[in-house]
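Visitor: Pick one part of this model and take me through it up close, please. I'd like the cut-offs as you go.

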Amino acid sequence: MSLATLGKNTAARAASRSPGAIALIVVAWAVFAVILLLPLYIVLTQGLNRGLEFFWQAISEPDAISALKLTLLATAISVPLNLVFGVAAAWAVTKFEFRGKSLLITLIDMPFSVSPVVAGLIYVLLFGAQSKLAPYLQDHDLQIVYAVPGIVLATIFVTFPFVARELIPLMEEQGTTEEEAARLLGANGWQMFWHVTLPNVKWALIYGVVLCTARAMGEFGAVSVVSGHIRGYTNTLPLHIEILYNEYNMVAAFSVAILLLVMALVVLLLRQWSEARLSRQLQANREE
């Protein structure tokens, strides 16, 4: 180890023991405990307040099972669609120059700036009973708003940017050198994608999919507007929790919240795993 590196490590250890650093660490843990750990503790204690038997009844009743199935269905449809779009958009933005490129990037970021409630209202105005499309939808017996298709559309909108936004910075950093080399060796577009581009971005892709999944499962605002809150039909898990809470059925509401919390923790573990692999990949790319 060089003297410079040793000096930096010594300085870092000394700074970590300073009163200011200790105070910042204590404040950080206190904020973490109040904002995250305390709410989690309340959810767990309230949900299990009447024991495991009542908890199981709350999460296994027909309305809760229906809400769980709809949440998983909306996630299972929206995530693959956003996966395909995210990969295609990232490929187009980073590998090609074309007119309207900046506009495409702006449109990708739009769901970050638009309120989910506004997004849901847009679909109500577009496909609702007062819209210009209403006669056509009625003639063909198509129900978009206050039905499963509207929930899927709203979920797709709010999860739209996550995959693309994880891939674009990494693919820009990697450049086009390897793709150009593959083209010189006779590879076509699909061969370049499957054998060159995809292996280089697979961990960023997994990370984006995990974030997209977490957002889809927990979405409330946009889905609440387009769902109609039809119990047992258009309620996702977050909406089912809201209904139970408004009915002052607190223990059942927190019991279902525990189910959603467990799903979120599984996604969080996948996120941490994929983030660690992505960090190692970025470090390896910088060393090369």
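Guide: Let's start with the angle classes: under 35 degrees is roughly parallel, over 145 roughly antiparallel, 65 to 115 roughly perpendicular, and the rest oblique. Helix 3 (residues 52–60) and helix 4 (residues 62–95) pack at about 60°, with 5 Å between their axes, and they are therefore oblique to each other. Helices here are DSSP runs of H or I with at least four residues (strands are runs of E with at least two), numbered from the N terminus. Axes are lines fitted to C-alpha atoms, for helices over the stretch in contact, and angles run from 0 to 180 degrees between N-to-C directions.

A word on the ground rules. This is a predicted model, where local features need pLDDT of at least 70 and side-chain atom pairs count only at pLDDT 80 or more, while totals for chains, interfaces and linings use all residues. Residues are numbered from 1 along each chain as its sequence is written, and side-chain values use heavy atoms, leaving out hydrogens and water.

Back to that pair: Ala58, Ile59 and Ser60 of helix 3 meet Pro62, Ala64 and Ile65 of helix 4, where contact means heavy atoms within 4.5 Å. Ala64 also turns up in the surroundings of His240: beyond neighbours within four places in sequence, His240 is in contact with Glu61, Asp63, Ala64, Ala67, Arg231, Asn235 and Val256. His240 itself belongs to helix 13 (residues 237–246). With a relative accessible area of 1%, His240 is buried; the bands are buried under 20%, exposed over 50% and partly exposed in between, using a 1.4 Å probe and protein chains only.

His229 has a positive phi of about 55° although it isn't a glycine, and at 29% relative accessible area it is partly exposed.

For another helix pair, look at helix 6 (residues 116–127) and helix 8 (residues 148–158), which pack at about 140° with their axes 10 Å apart. They are therefore oblique too. Pro116, Ala119, Tyr123 and Phe127 of helix 6 make the contact with Leu153, Ala154, Phe157 and Val158 of helix 8.

Val114, in the loop between helix 5 (101–113) and helix 6, touches Ala119 and Phe157, not counting residues up to four places away. Val114 is partly exposed at 22%. Phe127 is one of the contacts of Leu137, along with Leu142 and Ile144, again skipping neighbours within four places. Leu137 is in helix 7 (residues 134–139) and, at 9%, counts as buried. In the loop between helix 7 and helix 8 you'll find Tyr146, a non-glycine with a positive phi of about 60° and partly exposed at 39%.

One last stop: helix 2 (residues 19–47). Its 29 residues reach 40 Å from first C-alpha to last, close to the expected 42 Å, which is 1.5 Å times one less than the number of residues. Helix 2 bends by about 40° at Ala33, the angle between axes fitted to the seven residues ending there and the seven starting there. Ala21, Val43 and Gly47 of helix 2 are buried.
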